[in-house]
Amino acid sequence: MKNWKLAMGSLALAGVLAAPGTTLAFGGGEGHHRYGFEHMARELQLTEGQRAQLKSNRESTREARMALRKQLKELRQQIHTAIERSAEQSTLDQFGAELGKLKVRQMQNRYQMRQQFEAILTDEQKAKLAELKDKRRENRQKLRGHSRGARNAGES
């Protein structure tokens, strides 16, 4: 029972650590992410040249990103199967180490993409981006405080 909890905790931690790695500027072009990019492009008043450069950067790394996502998905499935079959802890630890390596690589890729994005911005756009990030951070903190307050009020 203890090994199962440890494995699930490790998986949960890996997921939590990887989630903040995404940025407003890069979303892969589907669903709400596309809206996020378009919104960011408008807010920063990106030129057509900057938009084209960003698109080129995303497309050039798309295949590698998709391959990494596929590896992560397959590894998660292997871990899930191993847990269902009550695999030994050493096996789960090996899977966990591999998952960690893939997650770190994913985070590195996102960081590089952010660096490429910021490299094409003007100083004014960088200042505006910092302002937008601060505003977003404040909004998240307000939401967190509000939801915690609602929970605490319900406990009284």
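Is K133 buried, exposed or partly exposed? Keep that in mind as you read these notes on a predicted model.

1. Let's start with the residue in the question. K133 counts as partly exposed, because its relative accessibility is 35%, and buried would require under 20% while exposed would require over 50%.

2. Now look at the partner of K133. The side chains of K133 and E118 form a salt bridge, with 3.5 Å from N to O. E118 sits in helix α4 (residues 89-119) and K133 in helix α5 (residues 123-155), so this pair ties together parts that are 15 residues apart in sequence. E118 is partly exposed too, at a relative accessible area of 27%.

3. Next, turn to R51 and E38. Their side chains meet in a salt bridge at 3.2 Å, N to O. Because R51 belongs to helix α3 (residues 48-84) and E38 to helix α2 (residues 31-44), the pair links parts 13 residues apart in sequence. Relative accessible area is 22% for R51, which is partly exposed, and 25% for E38, also partly exposed.

4. E131 and K128 join their side chains in a salt bridge of 3.8 Å, N to O. Both residues lie in helix α5, 3 residues apart, which is about one turn of the helix. K128 is partly exposed, with 27% relative accessibility.

5. Finally, here is the overall count: searching the whole structure gives 5 salt bridges.

Definitions and conventions:
Residues numbered from 1 in each chain as written. Predicted model: local features only at pLDDT ≥ 70, side-chain atom pairs only at ≥ 80, totals over all residues. Heavy atoms only, no water. Salt bridge = Lys/Arg side-chain N within 4 Å of Asp/Glu carboxyl O. Helix = DSSP H or I, 4+ residues; strand = E, 2+ residues; numbered from the N terminus. Buried < 20%, exposed > 50% of the residue type's maximum accessible area, 1.4 Å probe, protein only.
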